[in-house]
Amino acid sequence: MIKNQKLKYRADSVERIVFSFLLFLSAIRSTLSAKQCYPLNAKIPFFLLLSFFIFHFSLTCFAQPISSTELINKAKQYDGKTVVYEGEVIGDVMKRGDYAWVNLNDDKNVLGVWIPRDLTKEILFTGNYKTKGDWIEITGIFQRACNQHGGDLDIHAQTIKKIIPGRPLQEKLNPAKRDFAFILLVILIILFFACRLPLNVNRKR
Amino acid sequence: MILKPRLQDLKIIGFYLGKIILGLTLTLSLPVLIGLAFHEINPTLDFLIAIEIALIFGIILNRLCFTKDDLNWMQGMIVVSLSWLVAMVLGAIPLYLSGHYKSFLDTCFETMSGFATTGLTLVQNLDHLSYSHNFWRHLIMFIGGQGIVIVALSFFIKGFSGAFKMYVGEARDEKILPNVIHTARFIWLVSITYFILGTLALGITGILNGMTSVNAFFHGACIFMAAFDTGGFTPQSQNMLYYHSLSFEIITVVIMILGAINFRLHYHIWTGNRREIFKNIETGILFTTIMITFSIAAIGLTQTGIYPQALTLFRKGFYQLISGHTGTGYQTIYPVQFINDWNALSVTGIIYAMALGGAVCSTTGAIKILRIGIIFKALKEDLKRIMLPERAVIVEKFHHIKKVFLEDKPVRAALLITLCYLGLYGFGTLVGIFYGYPFLESLFESTSAAANVGLSCGITNITMPAGLKLTYIFQMWAGRLEFMSIFVLIGFLAAAIKGK
């Protein structure tokens with residue numbers, strides 16, 4: 001289910017890009033047709049429109065979440081830039097004054113995110129053995145070696161958005177393990193008595 | 001002429017191996033308690049299965065090889081080297097059943113890394129691992145740090161003269177008390193006392209840092225076990241970066257240094273002889289090598305300019321360096337940052353620190369600083385011999401618990417072991433290069449594995465070739481046991497094939 005939700009989210013992002021691209025094409029078309037019909041000062045709104053869509057398009061691309069591997073491997077390139085990162089909240093939300101540390105796992109690595117405390121109210125589940133943590137998206141400034149936090153590689157988040165809510169994981173007894181443990185127990189009991197018996201006989205003798 | 005081993009040799013080895021397996025079985029029951037406490041059903045079953053398998057093997061060996069004969073040196077050494085391999089396989093069973101490992105080889109890598117207190121890990125999705133499995137990962141570091149045989153000696157094998165042979169085989173050639181069993185128990189006393197203090201300190205710090213109390217104390221206990229035994233596993237995949245805490249880093253630095261100190265020195269401190277800290281050759285050399293290697297790393301980091309503030313540079317550089325020097329392997333940077341963000345000079349500083357290690361009779365691996373001190377003293381003596389008149393009587397001495405006059409035998413032993421370590425570092429590097437990794441990265445990871453450190457520059461991951469995994473397993477095993485018992489095992493196998 002989570003995978004489907006993730007795919008849906010990604011499909012939404014792709015949809016946004018495609019829509020922007022179509023708008024961009026229509027803007028070019030309008031500009032070209034305006035060139036034929038209208039004088040130069042009338043073209044200005046079309047150029048503005050074109051610039052807006054180009055800008056919008058580039059923004060949409062930049063707003064795509066970046067993987068932790070990309071951020072760690074190309075830390076110098078992203079240093080000081082605003083990035084979008086998403087992942088599962090794992091461990092504890094560690095509150096420190098007006099801020100909190102949240103560690104986000106994007107299935108490859110875990111990155112620490114420094115986040116205003118009031119934004120963490122949205123986080124209800126944190127990942128561990130018995131819980132799937134909330135999958136959240138944050139936008140913030142990436143730091144290769146944060147001076148405020150002793151040189152840690154981290155992200156100072158400005159916004160937070162819950163993508164997939166977390167949930168408790170139900171643990172079910174694995175019947176194969178149970179049966180195997182039982183068979184071994186039987187072998188062990190037989191072995192135990194098999195080893196004991198001759199010793200008792202020897203003692204009697 | 002090589003003599004073929006007798007059946008009686010095999011029986012004695014099998015009998016004591018069986019005893020050690022039975023000892024290990026009891027340690028496997030501790031995670032069961034954790035599993036029950038946290039209501040983890042399947043993880044508890046994993047440990048019950050492992051206990052049953054271990055008991056079956058232990059009982060069979062004890063029964064088939066029953067003997068009243070005592071161990072000789074060769075048998076003692078073989079029992080030790082085999083115990084570590086058997087512990088690796090048996091300890092891997094519950095972890096493999098957890099489903100967090102790609103293959104059984106990966107799990108064996110993990111357990112050997114744990115028992116040998118290395119800290120290189122191949123676990124997947126660690127952040128969702130159960131408390132009981134996570135506890136076991138750290139407990140094996142505690143057991144391995146004390147020595148698998150020491151555990152059995154302390155609790156499960158009642159006094160016999162072969163104990164000392166196994167004690168030596170586990171790379172502990174210094175007795176603290178006249179009796180080996182008492183020595184083993186003293187090591188446990190020190191470890192348990194520090195365990196309580198360390199867990200409390202880390203747990204309270206964790207709570208103050210915003211962790212829940214259960215997690216804070218669980219992490220505190222795990223981190224203490226891995227730090228004091230200079231292991232390097234952590235309960236979360238981010239390593240020490242998870243905590244984002246200066247106080248946590250300071251406490252772990254103190255614990256790592258305590259773990260790198262000779263247990264004999266601990267004994268003298270405990271019995272009130274605190275001056276020994278300043279007089280002991282190991283303390284002086286440890287301080288000197290830390291200063292030298294940190295200077296190298298710091299110059300390198302200054303060149304990169306990644307940490308413009310001096311305090312930040314010190315915090316990052318010093319932590320990785322102490323972690324490497326004590327053989328712990330805790331990191332406050334991501335593995336690839338060593339290669340991407342640090343330069344060759346700073347990485348070389350860390351490699352030197354890893355290669356040197358901590359004190360003898362401690363939980364650290366590597367060459368160890370007493371040997372460096374002895375070699376340095378021998379070099380000084382030889383230089384004096386050349387420079388002073390021929391008639392001059394040259395005597396070199398040093399203080400290690402008592403005044404020791406330098407003789408040829410310890411110099412020879414120190415040089416031999418140093419040479420073996422250098423060979424082992426080189427061997428792993430060659431295998432790394434063979435698999436296509438660059439020289440510096442191969443050297444870094446190989447030194448880390450052979451010196452039982454656990455710092456990684458990114459080579460160690462589930463996708464690395466099986467041949468390299470096997471090489472690192474061998475390096476961790478040989479490095480932890482300091483070669484002798486492994487050479488004896490190889491000799492024994494050769495004798496079994498070629499002997500008459």
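1. Contacts within chain A. This is a predicted model. Take the contacts in chain A between residues at least 6 apart in sequence: 57% of them join residues at least 24 apart.

2. Make-up of chain A. Chain A has five helices and seven strands. Their order from the N terminus is α-α-α-α-β-β-β-β-β-β-β-α. Chain A has 205 residues, and 39% of them count as buried.

3. Extent of the interface. The size of an interface is often given as the accessible area lost when the parts come together. Here chain A and chain B bury about 4100 Å² between them. Carbon and sulfur atoms carry 56% of that area. On the chain A side, the residues that lose the most area to chain B are Asp92(A), Tyr129(A) and Lys177(A). Together they hold 16% of what that side buries.

4. Polar links across the interface. Between chain A and chain B there are 23 residue pairs in polar contact, with both residues at pLDDT 80 or more. Three salt bridges are found across the interface of the two chains. The side chains of Arg144(A) and Asp341(B) form a salt bridge, at 3.2 Å from N to O.

5. The largest core. In soluble globular proteins, nonpolar side chains tend to be buried together. The largest nonpolar core in this model has 157 residues. Within this core, Phe338(B) and Phe444(B) touch the most other members. These two residues are also in contact with each other. Leaving aside neighbours within four places in sequence, Phe444(B) is in contact with Val347(B), Ile350(B), Ile351(B) and Met354(B), among others. Further along the chain, its contacts include Leu455(B), Ser456(B) and Cys457(B).

6. A second core. A separate core of 25 residues is also present. Among its members are Val102(A), Ile136(A) and Ala157(A) from chain A, and Leu241(B) from chain B.

Methods. Residues are numbered from 1 along each chain as its sequence is written. Chains are lettered from A and ligands numbered from 1 in the order in which they are written. This is a predicted model: local features need pLDDT of at least 70, side-chain atom pairs count only at pLDDT 80 or more; totals for chains, interfaces and linings use all residues. Side-chain values use heavy atoms; hydrogens and water are left out. Buried area is the accessible area (1.4 Å probe) that two parts lose on being put together, summed over both. A salt bridge is a side-chain nitrogen of Lys or Arg within 4 Å of a carboxyl oxygen of Asp or Glu. A polar contact is a pair of N or O atoms within 3.5 Å; within protein, one must be able to donate a hydrogen and the other to accept it, and residues adjacent in sequence count only if both atoms are side-chain atoms. A nonpolar core is a set of buried Ala, Val, Leu, Ile, Met, Phe, Trp, Tyr and Cys residues joined through side-chain atoms within 4.5 Å. Buried means under 20% relative accessible area, exposed over 50%, partly exposed in between (1.4 Å probe, protein chains only). Contact means heavy atoms within 4.5 Å. Helices (H or I, at least four residues) and strands (E, at least two) are DSSP runs, numbered from the N terminus.
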